[in-house]
Amino acid sequence: MGIIKKGILGGVSGKVGNVVGGSLNGVHYLRSLPSGMRQANTPSQLAQRERFGMMVRFLRPMKELISIGFKAEASRMNPFNAAVSFNLRNALSGDRETGFSIDYANVALSLGSRPGMSEAAMESTEASSLSLQWADNSTTKGASADDILFLTTFNEAKGDAIVELNLATRQASAALLRLPAEWSGETVHVFAGFLASSVLLGTVKPDRISRSQYLGAITPA
């Protein structure tokens, strides 16, 4: 409740109607209340928080790759925030009623113009391992035989990922990744791409890294 001091011409302390009064250093002041208060938890706000939280949890285990993969794209924000923003727009579907889900085929862990992987194939015949093969496309414009393969495996059930930034060269055409034994029998989503060796030395430009490719899901032996 507001208090009017010294009569109607005196200072006002507290709330009187839609006006709040007070004093600062002996000077009395009045200010009007906002015409209306925004609801802190509207359905759209709750939905946005859920979407944002889901994407952050998904991308956080792959932050090591994202810090390189989105560095050239992050002009006004850090690489991780740039990746969250991009993937919220392009790789999240659903709503609060049906539930949100990651559209893995549209996920980007890196953005760039360097040629990616060609004719990729993967299998898991040995326990706790992932075998990957691809065609050597070193002669493609913009590619190089000594480009470095990066590979990321995301375990959907555990919400965890393994990031390898220097697993093999483009011309090697094959690589073997060891996986944790506890991942056996669980769904693993695989992303891969290539980067120039100079990227690991800190020179990140769009033409020195490929956009990550989603190679699909696999269940390790």
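Is R170 buried or exposed? Keep that question in mind as we walk through this predicted model.

Let's begin with the salt bridges, of which a search of the whole structure finds five. One of them pairs R96 with E50, and their closest N and O atoms are 2.9 Å apart. R96 sits in the loop between strand 5 (92-95) and strand 6 (99-102), while E50 belongs to helix 1 (residues 43-59), so this pair ties together parts that are 46 residues apart in sequence. R96 counts as partly exposed because its relative accessibility is 41%, and E50, at 34%, counts as partly exposed too.

Now look at R114, which forms a salt bridge with D147, with 3.0 Å between the closest N and O atoms. R114 lies in the loop between strand 6 and strand 7, and D147 in the loop between strand 8 and strand 9 (148-155), so the pair ties together parts that are 33 residues apart in sequence. R114 is buried at 14% relative accessibility, and D147 is buried at 0%.

D147 also forms a salt bridge with R170, where the closest N and O atoms are 2.8 Å apart. Here the link runs to the loop between strand 10 (160-164) and strand 11 (174-178), which holds R170, 23 residues from D147. And here is the reply to our opening question: R170 counts as buried because its relative accessibility is 0%. Through shared partners, salt bridges join R114, D147 and R170 into one network.

Finally, visit S128, in the loop between strand 7 (118-123) and strand 8 (129-135). S128 is buried, with 16% relative accessibility, and the residues it touches include L177, P180 and A221.

Terms used:
Residues are numbered from 1 along each chain as its sequence is written. This is a predicted model: local features need pLDDT of at least 70, side-chain atom pairs count only at pLDDT 80 or more; totals for chains, interfaces and linings use all residues. Side-chain values use heavy atoms; hydrogens and water are left out. Helices (H or I, at least four residues) and strands (E, at least two) are DSSP runs, numbered from the N terminus. Buried means under 20% relative accessible area, exposed over 50%, partly exposed in between (1.4 Å probe, protein chains only). Contact means heavy atoms within 4.5 Å. A salt bridge is a side-chain nitrogen of Lys or Arg within 4 Å of a carboxyl oxygen of Asp or Glu. Lists of a residue's contacts leave out its neighbours within four places in sequence.
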